[in-house]
Amino acid sequence: MSLHLFCLFNTLFFFKRCPIFMEPQNLTGVSEFFLMGLSDDLELQPLLFGLFLSMYLVSVLGNLLIILAVSSDPHLYTPMYFFLSNLSLADIGFSTTTIPKMLLNIQTHSRSITHADCLTQVSFFFLFGCLDNLLLAVMAYDRFVAICHPLHYPVIMNPCLCGFLVLVSFFSSLLDSQIHCLMVSQLTFCTSVEIHHFFCDAPQLLHLACSDTSINTILMYFMGAIFGGVPLSGILCSYTRIVSSILRVPSTGGKCKAFSTCGSHLSVVCLFYGTGLGVYLSSSVSPSPRKGAVASVMYTVVTPMLNPFIYSLRNKDIKRALWRIISRTD
């Protein structure tokens, strides 16, 4: 499932465990929250710090190399690589939203995060998560046009349309993030402000709220249907048409060549939605929020780290561009 669909199901899971209406006592103006992280074991903290620092550096370096390769090689000035560079930029933002704060908390032995920083984290988490989602849908459309309408591809996927699609994706994600940020900022919290996660997770914030969150839940379902369901439907529709078109190709070699042009994107789509689905299923099976947080590492950390490897290992053009960059530095 996508970011939005996971948040919706996660919210529903929390509300099965606690009533929507809570007693109004113990209301307080909360100035900070406490991120409980992945483990309370002090001996594990250095290991977690080293592991997540390594994963973060690999993720940022890998995605920066993709951006550098695309921007430095004129042969990669095509719609597919233009969208890929924007996806890499979104992945860097997605990882940077959560991991540095967790590393800082481990290093300083502090679990606190201010109310303002928590809202900022929620905002950027949805901004880059939604942008990832929308860009994958745009890239699926690009592959659909390239395979199903190859003769009209340069005309349809012109630079103006490509820029327009990226801008629409960004401003749609910005709208989504600001709505979620506004929704969370209106909540009233109880004295218990422990978030059993390594970042400010919107469903858990709704769970901690003492005010009525029924409208927030409805709004989250509505936003999820638009910004989560519509892009996923677009991806499924595009690949349905792509598979149908490829199966009509008479030669085996032609089929393999057509499949190879969308293999990397399809792998990233499966990884993106598959890890989100895995997080939801693990949260549903296990009653422990901490175990759900551990499972979400796959979605928020591992996926952005693996995307550059998928595109570089399966794409000869990217590998050539990267080797040119390496040879220049020697």
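**Surface, fold and core**

Mentor: The protein chain exposes about 15,400 Å², of which carbon and sulfur atoms supply 71%; such areas come from the Shrake-Rupley method with a 1.4 Å probe, and for residues only the protein chains shown count as cover. This is a predicted model, in which local features need pLDDT of at least 70 and side-chain atom pairs count only at pLDDT 80 or more, while totals for chains, interfaces and linings use all residues. Residues are numbered from 1 along each chain as its sequence is written, and side-chain values use heavy atoms, with hydrogens and water left out.

Trainee: How many helices and strands does the protein chain have?

Mentor: Helices (H or I, at least four residues) and strands (E, at least two) are DSSP runs, numbered from the N terminus. Here there are 11 helices and 3 strands, in the order α-β-α-α-β-α-α-α-β-α-α-α-α-α.

Trainee: Which residues touch the most other members of the largest nonpolar core?

Mentor: In soluble globular proteins, nonpolar side chains tend to be buried together. A nonpolar core is a set of buried (under 20% relative accessible area, 1.4 Å probe, protein chains only) Ala, Val, Leu, Ile, Met, Phe, Trp, Tyr and Cys residues joined through side-chain atoms within 4.5 Å. In this case the core has 89 residues, and Phe 52 and Leu 205 touch the most other members. Helix 4 (residues 115–148) gives the most to this core, with 18 residues.

Trainee: Is Thr 217 buried or exposed?

Mentor: Thr 217 is buried, at a relative accessible area of 13%. Thr 217 lies in helix 8 (residues 214–247), and its side chain reaches the backbone oxygen of Thr 213 at 2.9 Å.

Conventions:
Buried < 20%, exposed > 50% of the residue type's maximum accessible area, 1.4 Å probe, protein only. Polar contact = N/O pair within 3.5 Å; in protein donor to acceptor, adjacent residues only side chain to side chain.
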